[in-house]
Amino acid sequence: MSILKILTNPNPVLRRVCQAADEQDVRAGDFQALADDMAETMLTKDGIGLAAPQVGHSVRLIVVNTKDGVLTLINPVITSKSLTKEWDEEGCLSVPNTFGRVKRHKKIRCQFLTVDGKNKRLEARGLLARVIQHEIDHLDGILFIDKAKDIHEAHEL
Ligand code: NI
């Protein structure tokens, strides 16, 4: 496994709409190495989520850090979302030293392929729901600063 270089705004790769991963390629294990490297990179950088375009791959793959370990979601699609939204502070490894408040659906359901090609569904709320929405935005070339209010830099303590 290796630590990948994280692209930062305004790198144009971050603005591309990513292509879906081919299901047969997924089942053949083609995305295992990328997912492993992204997980290691995310954990090393203290991120709670990372999307493939952030490491230069325009493919619909994200990793998220959950209490049960790192989850890889390939071709994730949000299938339903709560009417209730909530504001909370977000940051992003691709937009260093910058934070802002973003409104997200409080609860979502999504479907995705696992890294070995199985179809799965997931219901998420709170922080996990927020992270998944943030990472799926990356797959569509959207950064949190496009949606955030009260954007500010981190303050030195
Ligand atoms: Ni991000």
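Predicted model: local features only at pLDDT ≥ 70, side-chain atom pairs only at ≥ 80, totals over all residues.
Residues are numbered from 1 along each chain as its sequence is written, and side-chain values use heavy atoms, with hydrogens and water left out.

Strands were counted as paired where DSSP finds at least two bridges between them. In general, strands of a sheet pair through backbone hydrogen bonds, either parallel or antiparallel.

An open sheet of five strands has the order β1-β2-β3-β6-β7, with antiparallel pairing. Its edges are formed by β1 (49–51) and β7, each of which pairs on one side only. From one strand to the next, the twist averages 40°; angles here run from 0 to 180 degrees between N-to-C directions, and axes are lines fitted to C-alpha atoms, for helices over the stretch in contact. Within this sheet, β2 and β3 (residues 69–81) run antiparallel and are joined by six bridges. Asn65 has Val70 in β3 as its bridge partner.

Helix α2 (residues 32–44) lies across β1, β2 and β3 and runs at about 45° to β2. Helix α3 lies across β1, β2, β3, β6 (107–113) and β7, at about 160° to β2.

A second open sheet is made of three strands in the order β4-β5-β8, again with antiparallel pairing. Strands β4 and β8 (149–153) have a single partner strand each, so one side of each is left without a neighbour in the sheet. Strands β5 and β8 are antiparallel and joined by three bridges. Arg101 stands opposite Lys149 in β8, and Thr98 has Glu153 in β8 as its bridge partner. Helix α3 packs on the three-stranded sheet as well, where it touches β4 and β5 and makes about 60° with the direction of β4.

A nickel ion is coordinated by Cys92 (SG), His134 (NE2) and His138 (NE2) at 2.1 to 2.2 Å. Donors are N, O and S atoms within 2.8 Å of the metal (3.2 Å for Na, K and Ca), and water is not among the atoms, so sites may look incomplete. The spacing of the donor residues in sequence is C-x41-H-x3-H. Both His134 and His138 lie in helix α3, four residues apart, or about one turn of the helix.

Pockets were identified on a 1 Å grid over the protein atoms alone, as open sets of points where a 1.4 Å probe fits, with protein on both sides within 12 Å along at least five of seven lines; lining residues have an atom within 4 Å of a point. Grid points are joined across faces, edges and corners, and a volume is the space filled by probe spheres set on the points.

The largest pocket has a volume of about 360 Å³. Its lining comprises 22 residues, with Ile48, Glu90, Gly91, Cys92 and Leu93 lying nearest the centre. Two or more lining residues come from each of β4 (85–92), β5 (95–105) and α3 (126–139). Helix α3 gives the most, with six residues. By class, the lining of the largest pocket has eight nonpolar, eight polar and six charged residues, where Ala, Val, Leu, Ile, Met, Phe, Trp, Tyr, Cys and Pro count as nonpolar, Asp, Glu, Lys and Arg as charged, and the others, Gly among them, as polar.

The second largest pocket holds about 270 Å³ of space. It is lined by 14 residues, of which Asn65, Thr66, Lys67, Asp68 and Leu128 lie nearest its centre. Strands β2 (61–66) and β7 (119–125) and helix α3 each supply at least two residues of this lining, and β7 gives the most, with four. Seven nonpolar, two polar and five charged residues make up the lining of the second largest pocket.

Most residues other than glycine have a negative phi, and most peptide bonds are trans. The peptide bond from Asn9 to Pro10 is cis, with omega near 10°; Pro10 is placed in the segment before α1 (23–27). Asp46, which is not a glycine, has a positive phi of about 60° and is located in the loop between α2 and β1.

Definitions and conventions: Contact = heavy atoms within 4.5 Å.
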